[in-house]
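Student: Please take me through the cavity in this model. Then set the contact between the chains beside it.

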There are 2 protein chains.
Amino acid sequence: MKRVGRFYGVGLGPGDPELVSLKAARILSEVPVIFVPKGGRESRALSILKGIVGEEKEIMELSFPMLEEDEGKWERAASRIWERLSRGEDCAFAVEGDPLLYGTFTPILSIFRHRFPEVEIKVIPGITSLSAAAASIPLPLARREERLAVLPAFYEKNGLEEVLQKFDTVAFFKVHRSLERILNILERMGLSGSCFLVEEVSTGRERVIGDMEEMRRAKPGYFSLLLVRRAR
Amino acid sequence: MKRVGRFYGVGLGPGDPELVSLKAARILSEVPVIFVPKGGRESRALSILKGIVGEEKEIMELSFPMLEEDEGKWERAASRIWERLSRGEDCAFAVEGDPLLYGTFTPILSIFRHRFPEVEIKVIPGITSLSAAAASIPLPLARREERLAVLPAFYEKNGLEEVLQKFDTVAFFKVHRSLERILNILERMGLSGSCFLVEEVSTGRERVIGDMEEMRRAKPGYFSLLLVRRAR
């Protein structure tokens, strides 16, 4: 029976290639082929990878849809990975941050579970942009009896006030298109002085903004996070 | 003017020494002295450290209280670190997981901010036990429009049902003394089939339990996490 390759979902961390784990670095150096997601913008995963693996490594970029309606693209990406696994080659799919927290790895994982259940999947966790953003400020995410909520700002329409009341720290991912709406809510709730916008965390372009007016002018990009902390 | 040492809060990750970041490993090798928290049980941080730094490194264990009433112990620990910093030595305080998520680093950070504001503090984020637990199963923490809540089980008395209804994934930290109470709630809510208990994640003693009856018999230790995921 022909051996099928092992499939690694590897977290590359928030941006700084030095924030990759020793294990991720080892696995990326061992596998013959690495897949990375290619977004509409520059590929963050690719720029981190360049700081870790040598020039001779085969790196394949996979285009992904931002919209779920385009489901076929995930299937095609999974098929390209399967093509290599079925030849007996171990493959890594390397993504920024942690593979399982808003990562492009999660839809691939679910496709593999259904279509290719014979593939052994190993996930290597990564440092999240959330931990890195808190470290940059630095600001505790949670102490002792405190609660932390992680929300996808873009999709949050209702109930934000309630979450902000009941959780000590709230982290908004995908905040770039929803920043003004969320800042308005925070201002109304008297939380203007309790929030930080962190852009491009741990990279050379990192910016940490704690001033509400400056945040309103910031026009943050895709790699932005808003941290709100009520607790002292 | 005498130079004061720089103070690093370093995340060691969930347990496997290979899940430390390259940056954490570098800083731990560079600083002359490393402090680690010493709990009532075996020191997880110390066992991770032994896998990273050599025998010749000076490692100082600091005893910490589990109860906040014992506030003086934090102050004494901070004083011992300050003693070395004030001699111009760079120091690291190395903790399991991420320093800012339920870490023993957070009270130390707040004492330094107030008592020793002249000390430059750098936090090196770490892979959380949450990311590592999700990777072990593997189970997505959040996709697209989904919400994640992180709760300290031990302190949660009311309102759990509401959080479980409004969040797609709920992670309970500090679950070892509250497991039965939380499992009862999950059973009442029809979520028995949607939870995993993960003990000692990424270590040789790791255990992942998805069966409710087995969880009830598990008697988990301090390093345990319960993940509940409603979403498919």
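Tutor: Three elements each supply at least two residues of the lining of the largest cavity: α5 (129–136) and β6 (148–152) of chain A, and α5 (129–136) of chain B. This is a predicted model. The structure holds one cavity of 30 Å³ or more. The volume of the largest cavity is about 100 Å³. Its lining counts 13 residues. Nearest the centre lie A:T128, A:L130, B:L101, B:T128 and B:L130. By class, the lining has nine nonpolar residues, four polar and no charged.

Now the contact between the chains. Chain B brings 56 residues to it, and chain A brings 56. Interface size is often stated as the accessible area lost when the parts come together. Here about 4600 Å² is buried between chain B and chain A. Carbon and sulfur atoms give 56% of that area.

Polar links cross this interface too. Between chain B and chain A, 30 residue pairs are in polar contact, counting residues at pLDDT 80 or more. Eight salt bridges are found across the interface. One joins the side chains of B:R147 and A:E156, at 2.7 Å from N to O. On the side of chain B that touches chain A, these elements each supply at least two residues: α1 (22–30), α4 (105–115), β5 (121–124), α5, β6 (148–152) and α6 (160–166). That side of chain B divides into 32 nonpolar, eight polar and 16 charged residues.

Notes: Residues are numbered from 1 along each chain as its sequence is written. Chains are lettered from A and ligands numbered from 1 in the order in which they are written. This is a predicted model: local features need pLDDT of at least 70, side-chain atom pairs count only at pLDDT 80 or more; totals for chains, interfaces and linings use all residues. Side-chain values use heavy atoms; hydrogens and water are left out. On a 1 Å grid over the protein atoms alone, a cavity is a set of points where a 1.4 Å probe fits but cannot get out, and a pocket is an open set with protein on both sides within 12 Å along at least five of seven lines; lining residues have an atom within 4 Å of a point. Grid points are joined across faces, edges and corners, and a volume is the space filled by probe spheres set on the points. Helices (H or I, at least four residues) and strands (E, at least two) are DSSP runs, numbered from the N terminus. Ala, Val, Leu, Ile, Met, Phe, Trp, Tyr, Cys and Pro count as nonpolar, Asp, Glu, Lys and Arg as charged, and the others, Gly among them, as polar. Contact means heavy atoms within 4.5 Å. Buried area is the accessible area (1.4 Å probe) that two parts lose on being put together, summed over both. A salt bridge is a side-chain nitrogen of Lys or Arg within 4 Å of a carboxyl oxygen of Asp or Glu. A polar contact is a pair of N or O atoms within 3.5 Å; within protein, one must be able to donate a hydrogen and the other to accept it, and residues adjacent in sequence count only if both atoms are side-chain atoms.
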